[in-house]
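Colleague: Please take a close look at a single part of this model, and describe how its pieces are arranged.

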Amino acid sequence: MIYSRKELTEGTGFSCSADSKFKTVSVIVRFIVPLSADAAANALAMTMLGTVSSRFPTVAKMNEELSSLYGMSLGTFIRKRGDVQILGLSASCICSRFTIDGEDTEGSMAELLRDCLFSPSAENGEFESTVFEICRREILDRIDSELNDKRSYAAARLSETAFCGEPSASSSCGTREQAESVTPKAAYEAYRKLLETAPVEIYVCAPEGDPGFEKMFRESFSALDRSCTAPVFRSKSPLKPETKEVSEEMDVRQCRMFMCFKSDSDDIFALKMLSHILGGTPVSKLFVNVRERLSLCYYCSSGFEPSKNTLVIDSGVDRDKLEKAREEIMNQISAVINGDITDEEVENVFLMLENRFATVGDTPSSVGSWYFERFCEGSSSSPEEQLMDYRKVTKARIVNAAQSLGLDCVYTMLSREADQ
Amino acid sequence: MTEKNIIRSSLAGESCIHIKHSSGLDIYICEMPGFSSVEAVFGTKYGSVNNIFRTEGDSSFTEVPEGIAHYLEHKLFENEDCGAFELYAKTGASGNAFTTFDRTCYLFSCTRNYQENLKILLELVQNPYFTQENVDKERGIIGQEIKMTNDRPEWRVFFNMLRCMYHSHPVKIDIAGTEESIAKITPELLYKCYDSFYNLNNMVLSVAGNVEANKVLEVCDKYLKPCRDKKLEKVFPDELEEIVQPEIREQQPVGTDIFHLGYKCRPAAGSEKLKKTVAASMAASLLTDASSEMYQKLLGEGVINSSFTSEVFCGDGYFSVIFSGESPEADKIRQAMTAEIGRINSEGLNEKDFQRIKKSAYGVLIRELNNVEATAHIMLNSHLEGILPYDTIQALSEVTRIETEDFIKTELRPDRLVLSVIEGKAVQQ
């Protein structure tokens with residue numbers, strides 16, 4: 001695999017990886033903006049771009065084009081990373097050499113992406129209203145359906161509590177009220193603002209290298225008067241003076257307990273190692289002790305979020321075991337603070353990371369995701385280089401990282417007492 | 001004696017190797033140059049629906065508690081000394097296991113030491129160790145898993161639909177069973193199931209990625225324990241063609257209502273099943289095609305959103321076509337679907353649309369072969385379904401509009417339609 005990144009115009013990064021083993025061409029375009037009150041307008045604008053274009057102005061016509069091109073995929077994704085909103089447009093198609101009738105799928109995809117991004121279905125400075133309303137419903141349904149997945153719902157409630165007063169407390173698509181009030185004109189203005197001011201990262205993965213996307217994107221972005229501000233990817237969240245406890249009862253059979261710890265340490269690799277040792281693998285302290293040894297949870301895992309310097313431990317627990325599970329989780333953190341880390345635990349994490357990093361080149365999207373994450377972290381380390389950074393982490397640094405943790409808040413979704 | 005065959009697909013430009021191993025096991029290997037990872041899946045044709053069975057020498061059929069295949073999977077994931085996770089952790093591999101309606105699979109993915117990992121996998125699955133103590137200990141964890149899946153609305157809506165479709169077939173039973181049914185599971189029953197279903201003649205190993213076939217076979221030759229075919233017989237209760245009831249609704253804390261709209265079809269087996277599955281997939285894709293008038297009308301009215309999708313769900317003794325998604329008015333989807341099928345039955349399908357959807361389906365199959373994990377699972381699933389790895393691509397290239405119309409006419413019948421809905425319930429803040 002050959003990977004390279006360059007700047008096409010101000011704030012427009014273009015990365016490409018060439019790998020002959022793939023049968024597809026994939027493109028991802030990410031716009032990066034601060035998470036703000038414009039989140040819903042941005043989300044709606046991006047959803048419009050991934051749904052129709054001036055050449056294919058209805059859902060039916062766009063779908064007809066995509067299915068004719070062997071099920072070419074075209075989609076939008078909207079994510080939150082700390083205090084930043086990431087709005088993405090992705091597309092993927094099978095290479096021309098696999099088509100039955102010899103169609104130029106790569107060329108068609110480049111044209112389609114240009115159309116979607118730079119010639120949307122709009123007139124007189126506003127998006128076409130019929131499709132806009134369909135996109136609005138998509139966003140509203142996405143906001144409403146958060147409750148359908150109890151783990152995501154609990155994670156969102158924890159975010160609201162942990163980051164109260166910070167941009168990261170909001171959801172990636174904004175609130176229902178914001179999405180309801182965005183007009184086609186306001187969304188179009190948000191779109192223009194994205195084009196003119198948002199840093200953009202483009203990633204292309206193709207078997208024989210870039211089949212012409214760089215030229216298309218360079219021409220299109222150069223034609224704009226762009227002026228971008230570098231995004232702030234890392235903003236530590238202050239620890240509350242006292243742990244805040246939030247709980248709500250729901251008609252569920254299993255309770256969910258999410259604990260948010262905050263750290264003021266800048267030793268990111270030690271914090272990541274700590275998270276893996278605690279609850280990042282099926283041989284981690286939480287899995288082995290809380291689930292396997294004491295049978296307190298079906299799952300108990302931890303994840304470190306560098307953008308906010310938080311470590312979240314989440315678990316699925318019976319109501320009558322909540323207290324015991326929390327006690328045991330705290331015991332495991334205390335164990336690390338007291339230096340109870342074995343060589344085997346550290347080595348298991350290295351082996352897991354080594355294995356995980358070695359597979360980065362095995363899917364078209366994972367290389368792009370890898371380097372985008374590094375871009376957010378202000379680095380360009382390859383998987384091999386980053387593994388070396390992990391290798392340098394000593395037990396003492398992991399202990400220090402654990403000592404830096406403070407329990408900021410706990411969200412608990414309670415099953416009803418009657419169900420017990 | 002071990003027999004080796006190369007299976008090729010000119011359409012996909014791919015090939016893999018099939019080995020009928022002297023131990024009785026079927027082995028599929030796909031060497032994928034350029035990829036770093038290896039995916040290995042060891043599976044048995046044994047899932048939650050296989051609750052009544054006997055083998056050679058049994059005077060009568062044995063009936064076991066619901067959820068036992070899944071319980072067995074949990075218990076087989078550890079040996080006398082430690083669990084699979086610990087063994088794989090020492091090599092850096094990632095191990096896992098899962099149980100579905102008709103199969104149980106154990107797998108690992110890794111980037112190095114694949115021979116060592118394969119040894120762990122083969123030894124683990126071939127060496128059961130069940131005691132009263134370790135069986136009892138697992139009950140709490142599985143009980144938690146049952147609770148967790150019951151809190152998933154998409155799981156509830158699916159099983160509610162199956163219960164309205166099937167009178168007796170065990171496909172209507174939750175894969176993990178219930179807290180009551182798993183209370184009846186004993187080490188003796190687990191050994192009985194293991195001895196019956198974990199016979200290499202009933203199993204398959206699939207390995208894909210950065211491997212050399214000879215090195216895979218070296219490990220197999222060394223660690224596979226030859227099995228005599230015990231002539232396993234699986235039976236299912238008689239199932240009526242009719243559905244149980246046409247509709248079911250349940251209230252759950254959800255933000256958007258979700259639905260499953262399923263047609264109960266007649267089951268099929270062998271090559272007929274492949275043809276029927278492909279025709280059913282084409283029918284389902286055409287009925288959810290975003291360019292169709294029905295889709296446009298429902299989307300415009302706010303009845304569906306982009307979550308509207310379809311799947312063909314089939315196995316031993318069951319076959320259904322399911323439409324699902326989020327909708328505040330699932331009734332309208334049922335009405336529209338019935339009307340659209342009526343229209344197709346009288347006017348037929350549009351040939352241009354048919355060819356377009358066929359191309360799209362072909363693209364999806366080609367994409368799957370981009371991926372090591374998907375390739376390993378395609379080889380395994382194909383074998384368990386009694387077909388070869390690239391047969392689906394071939395069958396797709398051969399399916400006709402007429403066959404798809406026939407499927408719609410004979411199988412998507414309004415009297416075999418079930419609507420299952422999970423409706424929102426206010427959340428107390």
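Modeller: Two residues are in contact here if their C-beta atoms, placed from the backbone, lie within 7 Å. The model is predicted, with local features requiring pLDDT of at least 70 and side-chain atom pairs pLDDT 80 or more, while totals for chains, interfaces and linings use all residues. Residues are numbered from 1 along each chain as written, chains being lettered from A and ligands numbered from 1 in written order.

I would look at helix H8 (213-222) of chain A, whose axis comes within 10 Å of that of helix H3 (105-118) of chain A and crosses it at roughly 20° (DSSP runs: helices H or I of at least four residues, strands E of at least two, numbered from the N terminus; axes fitted to C-alpha atoms, for helices over the stretch in contact, with N-to-C angles from 0 to 180 degrees). H3(A) and H8(A) are therefore roughly parallel (under 35 degrees), and their crossing is right-handed (near helix turned clockwise from the far one by less than a right angle). From H3(A), Ala110(A), Arg114(A) and Phe118(A) meet Phe213(A), Met216(A) and Ser220(A) of H8(A); these residues divide into four nonpolar, one polar and one charged (Ala, Val, Leu, Ile, Met, Phe, Trp, Tyr, Cys and Pro nonpolar; Asp, Glu, Lys and Arg charged; the others, Gly among them, polar).

H8(A) also lies across S1, S2, S3 and S8 of chain A, at about 20° to S1(A). These strands belong to an open, mixed sheet of six, ordered S1-S2-S8-S3-S5-S4 in chain A (strands pair if DSSP finds at least two bridges), with S1(A) and S4(A) at its edges and an average twist of 15° from one strand to the next.

How values were computed: Angles under 35 degrees count as roughly parallel, over 145 as roughly antiparallel, 65 to 115 as roughly perpendicular and the rest as oblique.
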